[in-house]
Amino acid sequence: MRKLLKKIDGLLIVFALVWLFVAFVEASPLAESGGALLFTLIFWVSVIQGSVAAAAASDLIKARWVGSVRRQLISVYPLLLFTALLFLLLVPFVDSYPWVGRGGFWFSKGSFVLRNFLVLFVTYLAARRFAISAQRDDEKRHFHATLYLFAFVVSQSLIAFDWVMSLAHPWYSTLFGAYFFIEALYCGFAVSGVLYIFLYRR
């Protein structure tokens, strides 16, 4: 019972801190420099998600060349929660999108923030579950790797469509999401190559 109360207290503290963080973001003039923040966040989300995706994909196809750095690739998954919280810094910048005020649920500021935050958070949860299974060498690690890759594709596609493509509304491309998740996977392979050089160059 005491453990449960401690967990509830911890969650309440986290929610209070997140609420204060969002209140600070709403009151700060970040909309003026939101473009630089958007570009930086897209880059790091791609690198972090791609690193875990490279580990998950190599685990599914039993690739040995990534296996030697798999633990290091998976170890970045807690940063996915951090990027989900950093996304809230973009809340004031949403007003700069050309589709704001067009009406409808999808074209509302609240819907934009909610769907993107939830997808980033679900991707973090999927990465965490895969990381735990991979560390324990669980039989279900392939299943969790598949779940993460699905969440990864959805997350990167939504980033492409919502964060980038909608800046040029009403221009659209059905392949834009695929470009993004393939590029993020390539980022993960690049990180694995750099890690391999630094860890095993001797």
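Predicted model: local features only at pLDDT ≥ 70, side-chain atom pairs only at ≥ 80, totals over all residues.
Residues are numbered from 1 along each chain as its sequence is written, and side-chain values use heavy atoms, with hydrogens and water left out.

The protein chain has eight helices and zero strands, where helices (H or I, at least four residues) and strands (E, at least two) are DSSP runs numbered from the N terminus. Read from the N terminus on, the elements therefore run α-α-α-α-α-α-α-α. Of the 202 residues of the chain, 41% count as buried; buried means under 20% relative accessible area, exposed means over 50%, and partly exposed lies in between, with a 1.4 Å probe and protein chains only. The accessible surface of the protein chain comes to about 12,200 Å², and 70% of this surface belongs to carbon and sulfur atoms, the areas coming from the Shrake-Rupley method with a 1.4 Å probe and, for residues, with only the protein chains shown counting as cover. Among the contacts in the protein chain with a separation of 6 or more, 78% are accounted for by residues 24 or more positions apart, a contact being heavy atoms within 4.5 Å.

Helix α5 (residues 78-87) and helix α6 (residues 109-136) have axes that come within 8 Å and cross at roughly 170°. Such axes are lines fitted to C-alpha atoms, for helices over the stretch in contact, and the angles run from 0 to 180 degrees between N-to-C directions. The crossing makes α5 roughly antiparallel to α6, because angles over 145 degrees count as roughly antiparallel, those under 35 as roughly parallel, those from 65 to 115 as roughly perpendicular and the rest as oblique. On the α5 side the contact is made by Pro78, Leu80, Leu81, Thr83, Ala84, Leu85 and Phe87, and on the α6 side by Phe112, Val113, Asn116, Phe117, Leu120, Phe121, Thr123, Tyr124 and Ala127. By class, this contact has 13 nonpolar, three polar and no charged residues, where Ala, Val, Leu, Ile, Met, Phe, Trp, Tyr, Cys and Pro count as nonpolar, Asp, Glu, Lys and Arg as charged, and the others, Gly among them, as polar.

Leu85 counts as partly exposed, at 27% relative accessibility, and its C-alpha atom is separated by 8.8 Å from that of Phe121, 36 residues apart along the chain. Thr83, which lies in helix α5, is buried, with a relative accessible area of 3%, and touches Leu41, Val45, Ile48 and Leu120, not counting residues up to four places away in sequence. In helix α6 lies Phe112, which is buried with a relative accessible area of 2%. With residues up to four places away in sequence not counted, Phe112 touches Phe87, Val94, Tyr97, Trp99, Asp162 and Trp163, and the C-alpha atoms of Phe112 and Val91, 21 residues apart along the chain, are separated by 9.1 Å.

The nonpolar cores come next, each being a set of buried Ala, Val, Leu, Ile, Met, Phe, Trp, Tyr and Cys residues joined through side-chain atoms within 4.5 Å. In the largest nonpolar core, which has 27 residues, Phe130, Tyr148, Leu149 and Phe152 touch the most other members. The elements that give two or more residues to this core are α2 (34-60), α4 (70-74), α6, α7 (141-164) and α8 (176-200), and α2 gives the most, with seven residues. Phe152 touches Gln49, Gly50, Ala53, Phe181, Ala184 and Leu185, not counting residues up to four places away in sequence. A second, separate core of 22 residues includes Ala84, Val91, Leu120 and Phe180.

Some loop and helix positions remain. Lys62, in the loop between α2 and α3 (64-67), has a positive phi of about 55° although it is not a glycine, and it counts as exposed at 65% relative accessibility. Asp137, found in the loop between α6 and α7, has a positive phi of about 55° and is likewise not a glycine. Gly193, found in helix α8, counts as partly exposed at 31% relative accessibility; Gly193 and Val66 are 127 residues apart in sequence and 8.5 Å apart in space, C-alpha to C-alpha.
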